[in-house]
Amino acid sequence: MSLSFGVFLRTQKVTKRLVKTTNIRGVLQRCAYTYTSKMRLLAHNMLACNVKGVVNGYPLTIHATKIETNESEFNGNFIVHMLGKLDWGAFLKACKEVNASEDLPEEIPSRDAFGTEEEQYEMFLRKVHHALLEVTVVEGHLECPESGRKFPIENTIPNMLLNEDEV
Amino acid sequence: MSRPELTAPAEYFYDAAEAKKYTASSRVIEIQERLTERALELLNFPRDDVPRFLLDVGCGSGLSGDRLTELGHHWVGVDISRGMLNHAVEREVEGDVFESDIGHGVPFRPGVFDGCVSISAIQWLCNADKSEHDPRKRLKAFFSQTYRCLKRGAKCAFQFYPENARQAEMIASSALRVGFSGGLVVDYPNSTRAKKYFLVLAAGPPDSMPTAKTDEANDYANAKQDVVGRGGGKNKFKHNNNNNSEFGLGVKKKRKGDKHARTIYVGSKSHPEGKGKAWVMKKKKQMRNRGVQVANDSKYTGRKRKERF
């Protein structure tokens, strides 16, 4: 690390609280990553309602009352890896619900479609990255498409707790 | 050592104050980091620099998640304690966290995770904090839904603190019952403090079991692993069987599916002619040696009775 520790702390805007609650090593580790907080579309894409009796509790509809955008480090490899796992339809639907859709194609374009245009492909990946990992739902609720069960989101954390009769 | 499991349910025990205390302790941080590293080692991903998508069960304030992020993976966490999760958000961890009771299963669609880790969490499933709670049902719900949301062939490494051997066995067998393969890896089995239980499971066909770390040198290669699984028990049984048939006492058979696993003799069927004079003489000698009174040997010993009619 070429930066001096003081400069490094200032540039990363580390609060006094962080310095107090974690050891120095922890602070440095925290600085190495950009700050983000949770319930983003990537996790939403994996989320399904597991209430007893619900056959198709996917995808959960997002009703957001507060949305934030935080920057996050781009990793092309990871996005390519996740493209194989994503339910693209559910992703596009979620993008619309949080107003994050930026002219994404209806279907996942194959790598070959871009041919030698590396930049174009990276542009596409960056768009996906933005929607997947930078848009955060802070407040609102999720709704199961089948049962209509609502899961509240508070402080970016969806409450997926079930009642005993729903297990 | 006190067990928090015995004091209060997880969602009440880990309140805001406890979460802060827990996360600020450098000792806890260090242990959590080391356990996470070991768990990831047990998952044994190929070294191809592709960030994996992992599930962190009982992520708490994200101490284990921090380590996963540092090691270049992406994670999603579930925990029942709101206090811990709020603290995780406050600390601005990298993964997405959900408030969910793992005893009710995990709310994810099938086949999405490349692996699953859990640090010091799944022993909580064995608690019955509410009247509706049945540890076996909770374990089943957790393992079956975890199995479902993993990619085929994906591995799990659950570090946990069993209260006793029976609890460890119960957790391991619940996992095997829903289709996982694998077993327990016990690190440093001879040390009281460093001893750590890892339940290593594969959702689908297993490649190989990882090796447990021990204090001893490498020449104890065979004694390295402490695996409690189904395979071990079966082999033992086979071995016993061989011993019995070598013994000249007729064939011992174990009935399949017998609850009490009684041993029954089927000598009369395999020896419709009787066991012969030699066998009778041998038995008589054995009894004599034990000091039991037996009839004197004669030319009639071991002979069949005449058929009367």
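User: Which exposed residues sit on the face of α6(A) turned away from its buried side?
Analyst: That face carries A:Gly89 and A:Lys96, where exposed means that 12 or fewer other C-beta atoms, placed from the backbone, lie within 10 Å of the residue's own, buried means 20 or more, and partly exposed is in between. This is a predicted model, in which local features need pLDDT of at least 70 and side-chain atom pairs count only at pLDDT 80 or more, while totals for chains, interfaces and linings use all residues. Residues are numbered from 1 along each chain as its sequence is written, and chains are lettered from A in the order in which they are written.

User: And which residues of α6 are buried?
Analyst: In this helix, residues 88-97 of chain A, they are A:Phe91, A:Ala94, A:Cys95 and A:Glu97. They lie on the same side of α6(A), because the arc they cover around the axis, taken from the directions to their C-beta atoms, is only 160 degrees.

User: What covers them?
Analyst: The cover includes α4 (41-46), β1 (61-69) and α7 (118-133) of chain A, with helices (H or I, at least four residues) and strands (E, at least two) taken as DSSP runs numbered from the N terminus.

User: Switching to the contact between chains: how many residues does each give?
Analyst: Chain A gives 34 residues and chain B gives 33, contact meaning C-beta atoms, placed from the backbone, within 7 Å.

User: Which element of chain A gives the most?
Analyst: That is α5(A), with four residues on the side that touches chain B.

Notes
Two residues are in contact if their C-beta atoms, placed from the backbone, lie within 7 Å.
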